[in-house]
Amino acid sequence: MYKLIKPLLFQLDPENIHHLVTRGLRRVNRIWGVRSLLKFSFQLEDKRLEREVMGLKFKNPLGLAAGFDKNASMVEDLAEFGFGFIEIGTVTPLPQPGNEKPRMFRLPSDDALINRMGFNNQGVDVAADRLKRIDKKGMIIGGNIGKNKNTPNQDAVNDYIKCFDRLFDVVDYFVVNVSSPNTPGLRELQEKEPLKNILNTLQQRNRKNDISRPILLKIAPDLTNSQLDDIIEIVKETKIAGVIATNTTISREGLSAPALLQQESGGLSGKPLTKRSTEVIRYLSEQSGNSFVIIGVGGIHSPEDALEKIRAGASLIQVYTGFIYEGPGLIKRILKSLLTLTGF
């Protein structure tokens, strides 16, 4: 059914259609029987899919990456599609509109997206209040946190602290986002010293609580092997739970889309990222001796893509652009394929 309506949806502006579809989903889910129908159609429940990672019990290893539900406004609705976990955000301390529109572009010939959203969100207080009111029903929720655009990098740690403290009681794990290419200067925080400062500060606050939350670092696919070696060192030194590999890329290598479209600034996601994100996962896993958790994301558009990420060393995986291009049926197809993986 999704393949039938997809051409129509893709005729409209990608950001506008996102809001239209998500609003529609929330309304439709209020109709009696719809949630049961979605569960029957899209969910696959099997004890063999359950995973304990970072001390958390996931009903399956496939999650929805940050960016789709920035403001935690539809966690319960998205859960009906069978995700094992959902990551909200990126959220910032204060609300911000993000970059000027248009700021999201489809590249259908490449099964890709370019976005320069710029952490548009309603602020951490709104997200926290919404999460406080929902019925999680065993769903694992991640909180992806960032800094406001107008916060200087030297003060960035304070923004991460504010988001961490405000979300602590309503999420199960945290993701520190310093790798989006759409906030000026943000990727400079991936450098060794500022990154260690942020992570160590959050870990200090984490240890003050009776229950600590796993903290992950989301990294860019554009890092060199030397920079990835630094990431491994930082993860071990700060004792965070692990890494999400990877965010969007600033590379435009190998695209077939029109040149004018390729020149749009922002992060590229989708199939062009499949190979590189898997390479990063494999490198981190091998060089670290599989000593920390890796959540694999980037270019998962098929069960085969998902299996490659798992084989490369990912403990969990996430989809975003693949969910948009392939539709919600992708989730069940991936979970079925994981059951066939030897040793899974």
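The model is predicted.

**Exercise 1.** Describe helix α10 by its span, its buried residues and the elements these pack against.

*Solution.* Start with the extent: α10 runs over residues 274-288, which makes 15 residues. From first C-alpha to last, α10 reaches 21 Å, close to the 21 Å expected at 1.5 Å a residue. Next, list the residues under 20% relative accessible area. In α10 these are Thr274, Ser277, Thr278, Val280, Ile281, Tyr283, Leu284, Ser285 and Ser288. Then look for their partners: the buried residues pack against several strands, among them β9 (215-219) and β12 (293-297), and against helices including α8 (225-238) and α11 (303-312). Finally, step past the end of the helix, where glycine 289 has a positive phi of about 70°.

**Exercise 2.** Find which residues leucine 261 contacts, leaving aside neighbours within four places in sequence.

*Solution.* First place the residue: leucine 261 belongs to helix α9 (residues 259-262). Apply a cut-off of 4.5 Å between heavy atoms. The contacts of leucine 261 are then Phe105, Arg106, Leu107 and Ile114. Take leucine 107 from that list: 154 residues separate it from leucine 261 along the chain, yet their C-alpha atoms are 7.7 Å apart.

**Exercise 3.** Characterise the second largest pocket by volume and lining.

*Solution.* The volume is about 430 Å³. Its lining counts 20 residues, with Gln43, Glu45, Lys59, Ala79 and Lys137 nearest the centre. Two elements, α3 (34-42) and α4 (75-79), each give two or more residues to this lining. The largest share, three residues, is from α4. Sorted by class, the lining holds 12 charged, five nonpolar and three polar residues.

How values were computed. Residues are numbered from 1 along each chain as its sequence is written. This is a predicted model: local features need pLDDT of at least 70, side-chain atom pairs count only at pLDDT 80 or more; totals for chains, interfaces and linings use all residues. Side-chain values use heavy atoms; hydrogens and water are left out. Helices (H or I, at least four residues) and strands (E, at least two) are DSSP runs, numbered from the N terminus. The expected span of a helix is 1.5 Å times one less than its number of residues. Buried means under 20% relative accessible area, exposed over 50%, partly exposed in between (1.4 Å probe, protein chains only). On a 1 Å grid over the protein atoms alone, a cavity is a set of points where a 1.4 Å probe fits but cannot get out, and a pocket is an open set with protein on both sides within 12 Å along at least five of seven lines; lining residues have an atom within 4 Å of a point. Grid points are joined across faces, edges and corners, and a volume is the space filled by probe spheres set on the points. Ala, Val, Leu, Ile, Met, Phe, Trp, Tyr, Cys and Pro count as nonpolar, Asp, Glu, Lys and Arg as charged, and the others, Gly among them, as polar.
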